[in-house]
Amino acid sequence: MTSQLGTEGSVSVRPLTDSEEDFQSVWILWSELFPEWPIEEALLRTILGHPFLARQGRHFISTTTTTTTTSSNETTPTGFILTYLGDGGEGKKGFVSVVGVLPQYRGRGVGGKLLERGVGALRGAAGEGKEEGREIEIVIGSETPRFWPGLPVEFGENVKAWFGKRGMLISTF
């Protein structure tokens, strides 16, 4: 999935791999995006690589490719989404655990594309659409791993409004 980002290049959203490069990209992005909620590198690595959580996870990373003055392409990680599929009592439940986009790339559709891919992958993994009437609930937050139980109040009204426009129910803590 690629789209244009004005004159600065194109954005691409792809599944997060288990490569060291992708891990380091997410680790650096987390550190820049969420300095109030630091996570140890080893813990993040364990969470992303945990056998059970890896099976339940549907994670994506966004990158922007620009052409430099030497006509070579430079790819920069710009955001990521971590989602998990869990049990919701009467069926599957999708959790948008973390989504973040670097400030200089916000307002350009990057977060929307990440959310679209993450939610779409959760719905597909739960088998939504394969059985008539089957639909999963998608919520902000997570049970395991628990980064946040909902949307932190520190994120502000603009972030709540962003999720709300995309049909997400918001609970804060």
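A: Let us begin with one side chain. This is a predicted model, and every value below is computed from it. At 7% relative accessibility, Phe 23 counts as buried, because the cut-off for buried is under 20%. Phe 23 has its place in helix H1.

Q: Which residues does Phe 23 touch, once its neighbours within four places in sequence are left aside?

A: A contact list shows what surrounds a side chain. Phe 23 is in contact with Glu 41, Leu 44, Arg 45 and Leu 48. Take Arg 45 from that list. Phe 23 and Arg 45 are 22 residues apart in sequence. In space, their C-alpha atoms are 7.3 Å apart.

Q: Where does Arg 45 lie relative to the ring of Phe 23?

A: For a charge and a ring, look at distance and direction. Arg 45 lies over the face of Phe 23. The distance from the ring centre is 4.0 Å.

Q: How do I read pairs of aromatic rings?

A: Check two things: the distance between ring centres and the angle between ring planes. Centres must lie within 6.5 Å for a pair. By this rule the count here is two aromatic pairs. Start with Trp 30 and Phe 34. Their ring centres are 5.2 Å apart and their planes stand at 70 degrees. Planes over 60 degrees apart count as edge-to-face, so this pair is edge-to-face.

Q: Are Trp 30 and Phe 34 buried or exposed?

A: Both Trp 30 and Phe 34 are buried. For Trp 30 the relative accessibility is 3%.

Q: What is the geometry of the pair formed by Trp 30 and Phe 80?

A: Trp 30 and Phe 80 are stacked. Centre to centre, the distance is 6.3 Å, with 25 degrees between the planes. Now see where the partners sit. Trp 30 lies in helix H1 (residues 20-33), and Phe 80 lies in strand E4 (residues 73-87). The pair therefore ties together parts that are 50 residues apart in sequence. Phe 80 is at 0% relative accessibility, so Phe 80 counts as buried.

Q: How many helices and strands does the protein have?

A: Step back and read the whole chain now. The protein has five helices and six strands. From the N terminus on, the order is β-β-α-α-α-β-β-β-α-β-α.

Q: What can I say about the protein as a whole?

A: The protein has 173 residues, and buried residues make up 43% of them. Next, take the contacts with a separation of 6 or more. Residues 24 or more positions apart account for 56% of these. Last comes the surface. The protein exposes about 9400 Å², and carbon and sulfur atoms supply 50% of that.

Q: What is the volume of the largest pocket, and which residues lie nearest its centre?

A: To read a pocket, ask for its volume, then for its lining. The largest pocket has a volume of about 660 Å³. Its lining has 31 residues. Nearest the centre lie Val 99, Gly 100, Val 101, Arg 106 and Val 159. Strand E5 (92-101), helix H4 (110-125) and H5 each give two or more residues to the lining. The largest share, six residues, comes from E5.

Q: Where does Ser 97 lie, and what does Ser 97 touch?

A: Ser 97 lies in strand E5. Its relative accessible area is 4%, so Ser 97 is buried. Leave out residues up to four places away in sequence. Ser 97 then touches Leu 82, Thr 83, Tyr 84, Gly 141, Ser 142, Pro 145, Phe 147 and Trp 148.

Q: Where is Pro 152 found?

A: Loops deserve a look too. Pro 152 is found in the loop between strand E6 (137-140) and helix H5 (156-165). Pro 152 is buried, with a relative accessible area of 1%. Pro 152 and Gly 141 are eleven residues apart along the chain. Their C-alpha atoms are separated by 9.4 Å.

Q: How far apart are Val 13 and Gly 79, in sequence and in space?

A: Compare the two kinds of distance again. Val 13 and Gly 79 are 66 residues apart in sequence. C-alpha to C-alpha, they are 9.0 Å apart in space. Val 13 is found in strand E2 (residues 10-15). At 2% relative accessibility, Val 13 counts as buried.

Methods. Residues numbered from 1 in each chain as written. Predicted model: local features only at pLDDT ≥ 70, side-chain atom pairs only at ≥ 80, totals over all residues. Heavy atoms only, no water. Phe/Tyr/Trp six-rings, centres within 6.5 Å; stacked < 30°, edge-to-face > 60°. Buried < 20%, exposed > 50% of the residue type's maximum accessible area, 1.4 Å probe, protein only. Helix = DSSP H or I, 4+ residues; strand = E, 2+ residues; numbered from the N terminus. Lys NZ or Arg CZ within 6 Å of the ring centre and 35° of its normal. Contact = heavy atoms within 4.5 Å. Areas by Shrake-Rupley, 256 points an atom, 1.4 Å probe, with all protein chains shown as cover. 1 Å grid on protein atoms, 1.4 Å probe; cavity = no way out; pocket = protein on both sides within 12 Å on 5 of 7 lines; lining within 4 Å. Points joined across faces, edges and corners; volume = space filled by probe spheres on them.
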